[in-house]
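Subject: Structure handover

Hello,

Here is the structure for you to take over. My notes on it follow below.

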Amino acid sequence: MSHFLDAVAAIVGATHVLTLPEDTAPFTLDYRRRYQGQPLAVVLPGTTAEVAALLQLCQRQQVAVVPQGGNTSTCGAATPDGSGRQLVVAMQRLNRLRAIDTANNSITVEAGMTLATLQQRAAEADRLFPLSLASEGSCQIGGNLSTNAGGLAVLRYGTMRELTLGLEVVLPDGRVLHQLSGLRKDTSGLDVKQLFIGAEGQLGLITAATLKLFPLPTAHATAWLGVDSSQAAIDLLSALRQAFGDRLTTFEIMSQPCQQLLEKYHPGQLPFIQPWAVLIELSDSGDSHRLQQQLVDWLSTQQLADGVLAHSEAERQQLWQLREAMSETQKRDGASIKHDIGVPSSAIPAFLADCEAALRAAFPSVRIIAFGHAGDGNLHYNISYTRPDNAELFADEERVNAIVYDLVYQHQGTLAAEHGIGQLKGHWLQRYQDPVALQLMQGVKQLLDPQGLMNPGKWLSPARSDTSG
Ligand SMILES: Cc1cc2nc3c(=O)[nH]c(=O)nc-3n(C[C@H](O)[C@H](O)[C@H](O)COP(=O)(O)OP(=O)(O)OC[C@H]3O[C@@H](n4cnc5c(N)ncnc54)[C@H](O)[C@@H]3O)c2cc1C
């Protein structure tokens with residue numbers, strides 16, 4: 001081991017410094033297998049004090065740090081470069097529950113706790129932590145914060161930005177920001193914790209968070225509905241909000257090609273195929289039967305092409321499994337160019353129509369798989385070719401992206417609604433983000449990490465060629 005790694009081992013213990021390729025392998029390849037890195041080592045700190053000592057050492061020795069949570073980023077945000085000189089700091093040992101305050105509806109956990117464990121801890125206290133993602137068994141709270149994760153219940157509860165009350169963060173120079181406050185009102189200056197939410201590990205290392213909890217719903221009403229057009233889906237969203245207010249928790253849409261893919265790989269499980277399918281869920285206190293009856297009565301007044309309601313928990317899970325199977329089903333069908341875009345919900349129909357027309361004009365054999373969280377405007381808008389050989393697809397990626405992103409911004413949208421920017425979309429961010437916003441972000445980076453040691457090579461941190469190990 002080098003002198004530097006001896007010093008790292010003195011901080012975290014030699015068994016928590018991984019250098020053998022077979023040990024570091026799970027930390028060096030991203031989820032989508034697009035980025036392969038080679039780290040100096042992977043370090044597993046166990047306390048905030050160890051993280052602080054580690055970052056101080058890295059700053060003294062000019063060693064770049066790549067924070068890593070569950071490594072489920074879909075844009076290479078947590079993958080080191082290939083230089084062999086970046087230190088991956090993996091947070092899985094910092095995974096304790098520090099406090100739960102049911103009267104304040106808040107919980108304080110360390111950043112390496114997985115999202116599924118946090119949901120479980122909250123449920124044990126008869127509370128809900130509402131963030132819910134298909135990757136929840138692996139992704140960690142630090143990663144959720146650093147990507148401002150969203151998911152299936154943003155419509156009602158918001159993203160990680162809205163769910164966070166306080167943070168503990170180790171800054172690149174080893175100082176620790178202690179703001180694990182459970183306060184819901186605080187006018188004592190700027191809300192500095194928000195700087196670290198969505199920063200993708202480029203401003204500091206989050207070690208703990210105080211998060212909001214909610215009453216655990218006891219009643220659910222879940223339905224799979226068919227509508228004739230995306231406009232009909234958005235009209236339904238608006239009417240449901242008006243009728244059920246905050247009880248509308250989920251509103252997911254799937255285009256006809258999505259339903260056809262589900263039918264291909266999960267035959268006989270879809271209730272029907274319609275131009276658009278909508279999965280809705282209401283949640284409340286009280287009992288499910290009453291809520292389901294309210295929904296049935298209301299739906300009977302609406303113009304729908306088709307619809308089924310879940311009458312039991314097993315039927316509810318079946319409908320959810322269909323929605324959650326969408327990503328994996330698409331993967332089985334071959335490669336696609338993926339977009340995680342957002343537009344105001346009201347703009348979804350116009351965006352879909354404009355984008356399909358533009359893509360078909362440029363690429364006649366294009367196949368568009370559009371699905372996602374229409375309740376908050378976030379769509380997974382994935383492109384492949386219908387021709388048997390999909391190999392040419394990635395050669396056209398930049399042109400496809402330019403068409404999609406131009407139209408996203410014409411419709412006042414964003415190119416990264418929940419998955420972040422990472423290594424994948426930095427150049428697109430430079431092109432589309434408001435220039436003043438970009439200057440402010442660079443200013444904050446300069447203030448907190450003037451030497452550019454935190455997660456270099458990602459969108460806020462140019463690659464460094466001078467780091468040494
Ligand atoms: C099947 C699947 C489904 C998904 N569905 C959704 C979804 O519905 N909604 C959604 O928002 N995302 C989704 N994602 C994307 C991904 O799961 C989220 O971005 C998640 O929040 C990342 O958490 P992680 O712990 O895996 O972070 P990582 O991938 O390890 O890291 C992500 C970023 O956070 C930084 N980071 C990690 N931990 C820390 C820390 N403690 N301090 C500072 N920086 C840190 C890393 O450096 C990196 O920049 C999905 C991914 C998959 C594979």
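The buried residues of helix H4 pack against strand E6 (106–110), strand E7 (127–128), helix H5 (141–146) and strand E10 (205–212). Please keep in mind that this is a predicted model.

Helix H4

H4 spans residues 115–124, and its buried residues are Leu 115, Leu 118, Gln 119 and Ala 122. They sit on the same side of H4, because the arc they cover around the axis is only 100°. Just after H4 comes Asp 126, with a positive phi of about 65°.

The ligand

There are 34 residues around the ligand, and those that come nearest are Pro 67, Gly 69, Gly 70, Thr 72 and Ser 135.

- Pro 67: a polar backbone atom is 2.6 Å from an oxygen atom of the ligand.
- Asn 144: a polar side-chain atom is 2.9 Å from an oxygen atom of the ligand.
- Ile 206: a backbone N or O atom is 2.9 Å from a nitrogen atom of the ligand.

On its own the ligand exposes 970 Å², of which the protein buries 95%. Strand E3 (65–68), H5 and E10 are the elements that contribute two or more residues to the shell around the ligand. H5 supplies the largest share, with four residues. Sorted by class, the shell holds twelve nonpolar, 20 polar and two charged residues.

Where does Gln 274 lie? Gln 274 is in the loop between helix H10 (256–265) and strand E14 (276–284). Its relative accessible area is 15%, so Gln 274 is buried, the cut-off being under 20%. Setting aside neighbours within four places in sequence, Gln 274 is in contact with Gly 226, Val 227, Asp 228, Gln 256, Gln 259, Ala 305 and Asp 306.

Tyr 381 belongs to strand E18 (residues 378–385). Tyr 381 counts as buried because its relative accessibility is 0%. In sequence, Tyr 381 and Gly 342 are 39 residues apart, while their C-alpha atoms are 9.7 Å apart in space.

Regards

Key: Residues numbered from 1 in each chain as written. Predicted model: local features only at pLDDT ≥ 70, side-chain atom pairs only at ≥ 80, totals over all residues. Heavy atoms only, no water. Buried < 20%, exposed > 50% of the residue type's maximum accessible area, 1.4 Å probe, protein only. Arc of directions from axis to C-beta. Contact = heavy atoms within 4.5 Å. Near = heavy atom within 4 Å. Polar contact = N/O pair within 3.5 Å; in protein donor to acceptor, adjacent residues only side chain to side chain. Areas by Shrake-Rupley, 256 points an atom, 1.4 Å probe, with all protein chains shown as cover. Nonpolar A, V, L, I, M, F, W, Y, C, P; charged D, E, K, R; others polar.
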